Amino acid sequence: MSKGDETARAEVAESAAPSYELGAVTCIYGEGRTLVTALASLDLTIGSGEFVAVLGPSGSGKTTLLQLLGALDRPATGTVRFEGRPLEHLGEAELAALRLSALGFVFQQFNLIPTLTAAENVEAALAPLRMNGVDRRQLAGDHLKAVGLEPRARHLLTQLSGGEQQRVAIARALARAPRVVLADEPTGNLDTKSGEMVIDLLGSLHRELEITLVLVTHDQWVAERADRVLRLDDGRLTGDSVADRAGMTAR
Amino acid sequence: MFYIRFLGAELRRRPGRTALTALGLAVGVGLVVVVSALSAGLDEAQSEALEPLTGVGTDVRVSRPLSQPKETGAGPPDFGSLPEKEQRLLRKENPEGLFHFEPSELGEPGERFTELQTLSSELSFPESTVARISRLDGAQDAAAALSLQTLRIEGEVAAPGTVVNPHTSYDITSLNVTGVNVEKPSLAPVTPGQVTKGEYFARTPEKARDEAIIDIGYARQNGIAVGDRTNVAGKRFDVVGLSAAPVGGTASNVYLELDRLQRLSDREGRANVMLVRADSTASVDPLSREIGDQLPGAVVTTASDLANRVGGSLVDAKNLSSKLGTALAIVALGAAFLIATLLALSSVQKRTRELGTLKALGWRKRLVVRQVTAESVLQGLLGGIAGAALGIAAAAVIGALELELDASVAQAQSGGIGAAFGQGRVAAASTEVVLGAPVDIGLLVVAVALAVLGGLLAGAAGGLRAARLRPAEALRSLE
């Protein structure tokens with residue numbers, strides 16, 4: 001058996017496990033009187049390859065949930081397992097390595113680096129990987145091409161529209177071939193047309209690349225594109241429904 | 001290399017912050033360069049001022065001045081007030097009668113007379129003493145010199161009983177003459193380095209026999225030039241060179257070859273000044289003490305004694321530079337470091353989201369800190385180079401201004417026999433030196449290193465803050 005086969009089998013085994021399993025997760029911010037419970041005893045499983053939308057008003061804990069899933073934060077109590085591995089046992093460097101190898105992020109404010117060009121922003125995600133400059137630039141160019149921004153590669157962010165910037169962010173999130181992409185209100189700063197283009201792009205990449213996509217939004221139309229919609233209210237899961245494309249069906 | 005491109009992009013595309021940090025450090029470093037250059041310039045000026053005073057190679061100057069009469073006042077000093085022993089010694093030294101000036105003995109009343117005397121305000125010693133001193137431990141070499149005053153008095157013999165005011169009745173010319181051992185030019189009261197026009201003496205007593213070097217100030221006053229002939233004690237000499245005035249010690253109008261002056265003044269084999277070179281700086285002090293013991297009554301002056309006696313604007317400037325200048329440089333550098341640190345911290349604060357995003361992208365803490373620190377260090381380097389350029393420019397301006405500083409040496413001894421007829425001694429010498437501000441490579445390297453250090457400190461502060469950023473909080477912060 002060749003080494004390639006082994007890796008392939010391992011990947012199959014990995015993808016067989018759910019992307020996320022959250023058990024009794026509680027997140028608390030602040031202290032004393034300003035104490036805020038962002039998530040309260042949340043149980044949740046997200047399967048591999050799912051497209052999940054998280055809906056809820058501001059302050060409902062959506063972003064907190066996304067940060068837990070992104071290994072950017074730790075819960076006060078409870079466990080978060082990623083592909084079967086409990087994250088609480090991982091140190092900061094291991095979490096960084098996990099984010100580098102498996103996770104991609106898309107933010108409401110794009111969070112691109114303003115001093116870098118579009119292509120360099122994609123390269124920033126590849127920089128910590130050991131690869132030579134030519135390959136890195138090639139890969140960054142390929143990903144910009146995939147989001148339709150190849151001609152804009154050398155442009156600075158100030159020369160790009162909001163929709164274009166978010167597409168750069170998507171190219172950056174996908175540059176390292178992550179298994180999960182986490183998007184925090186990716187349409188929040190965009191007009192409807194650009195927003196739709198971004199959601200379409202994310203949706204098609206999700207299908208093509210078979211990645212798990214978790215998308216936080218408060219737009220109903222965005223949520224309707226997802227396979228599954230979670231509703232959060234005051235840090236509690238108040239709804240979990242699977243879309244059958246014909247409409248929403250309660251689970 | 002992506003990190004380097006990122007670094008370049010950050011510095012290039014945030015020109016305001018880069019310029020401000022670099023400029024802050026540049027001003028601090030520039031001040032350090034200027035102050036150091038100025039202080040080096042002042043040191044050079046001081047050694048330039050001191051050099052002619054001691055001779056290039058002289059560490060110790062020895063003479064035996066007469067003890068001072070208690071009171072000095074106007075009019076002819078009362079030589080009788082000198083201690084009996086001093087008078088005896090002087091009489092022995094000046095057999096022709098140093099104090100003896102009685103015009104009535106020079107002719108009949110109404111007759112013109114010309115009287116020539118050579119006087120010494122210092123007790124002489126045999127040249128063999130010099131040889132003995134040069135064999136002392138710690139002494140490398142010693143040379144003898146003879147410093148005299150020649151007085152030429154012309155006038156008319158007055159009728160007996162007339163009160164004569166020597167200032168108005170006689171024509172008195174006084175000349176300070178020093179005999180120099182031409183075989184040891186570096187240990188001479190006038191060194192080749194002091195000769196500003198013409199040449200130094202021939203290097204053998206025979207060839208230098210008729211040569212004279214004239215003090216440039218005296219030459220100017222009397223219209224003497226190189227190639228002229230001048231009259232000293234009734235003999236003619238060829239003026240071979242003009243020399244810059246020494247700052248201290250015994251200034252002389254004319255320098256002659258030692259043997260010749262000894263014979264002219266009937267002091268064969270005698271000297272009254274000894275210049276000694278120590279074999280090392282450490283042996284200067286023990287050597288001076290030993291000389292003092294060997295030669296009773298000797299005044300032993302070391303180069304550092306003279307340095308301590310130097311006064312004038314040179315010294316004021318030096319004090320100012322060492323106190324105020326250094327303080328200013330330290331304050332400026334401290335302020336520059338503080339500015340750089342605050343800017344680095346504020347930059348991290350402003351880029352919280354950006355740095356948090358990098359962490360979210362999987363950049364490890366170390367990598368983020370490295371990036372932030374490298375930015376700061378690079379700004380420090382830019383600031384250092386700009387500061388060095390600023391410092392060089394400021395130093396060049398100081399050099400171009402050609403500021404003149406004067407240095408004078410307070411005389412350890414004053415009065416003396418030359419005070420006869422109110423001629424006085426050559427005044428406490430003072431010299432003017434042009435202030436430069438030399439910048440050396442070592443200083444520039446230190447300056448740039450300081451700026452890089454400032455950048456490193458600022459970067460460390462910024463990096464530390466960046467390291468403490470939790471990515472989740474960093475992403476929550478809104479711009």
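This is a predicted model: local features need pLDDT of at least 70, side-chain atom pairs count only at pLDDT 80 or more; totals for chains, interfaces and linings use all residues.
Residues are numbered from 1 along each chain as its sequence is written. Local features need pLDDT of at least 70, and side-chain atom pairs count only at pLDDT 80 or more, while totals for chains, interfaces and linings use all residues.

In chain A, helix H6 (residues 162-174) and helix H7 (residues 192-209) have axes that come within 9 Å and cross at roughly 20 degrees. Helices here are DSSP runs of H or I with at least four residues, and axes are lines fitted to C-alpha atoms over the stretch in contact, with angles from 0 to 180 degrees between N-to-C directions. H6(A) is therefore roughly parallel to H7(A), a term for angles under 35 degrees. Contact means heavy atoms within 4.5 Å; residues making it include Ile170(A) and Leu174(A) of H6(A) and Leu201(A) and Leu205(A) of H7(A).

The interface comes next. Here, 30 residues of chain A are in contact with 27 residues of chain B. The two chains bury about 2500 Å² between them, 56% of it on carbon and sulfur atoms; this is the accessible area (1.4 Å probe) lost on being put together, summed over both parts. Across the interface there are 4 salt bridges, each a side-chain nitrogen of Lys or Arg within 4 Å of a carboxyl oxygen of Asp or Glu. Glu92(A) forms a salt bridge with Lys365(B), with the closest N and O atoms 3.8 Å apart.

Lys365(B) also takes part in a helix contact within chain B: Leu355(B), Leu358(B) and Lys359(B) of H11(B) meet Lys365(B), Val368(B) and Val372(B) of H12(B). Helix H11 (residues 352-360) and helix H12 (residues 365-401) of chain B pack at about 145 degrees, their axes 9 Å apart.

Terms used. Chains are lettered from A and ligands numbered from 1 in the order in which they are written. Side-chain values use heavy atoms; hydrogens and water are left out. Helices (H or I, at least four residues) and strands (E, at least two) are DSSP runs, numbered from the N terminus. Angles under 35 degrees count as roughly parallel, over 145 as roughly antiparallel, 65 to 115 as roughly perpendicular and the rest as oblique.
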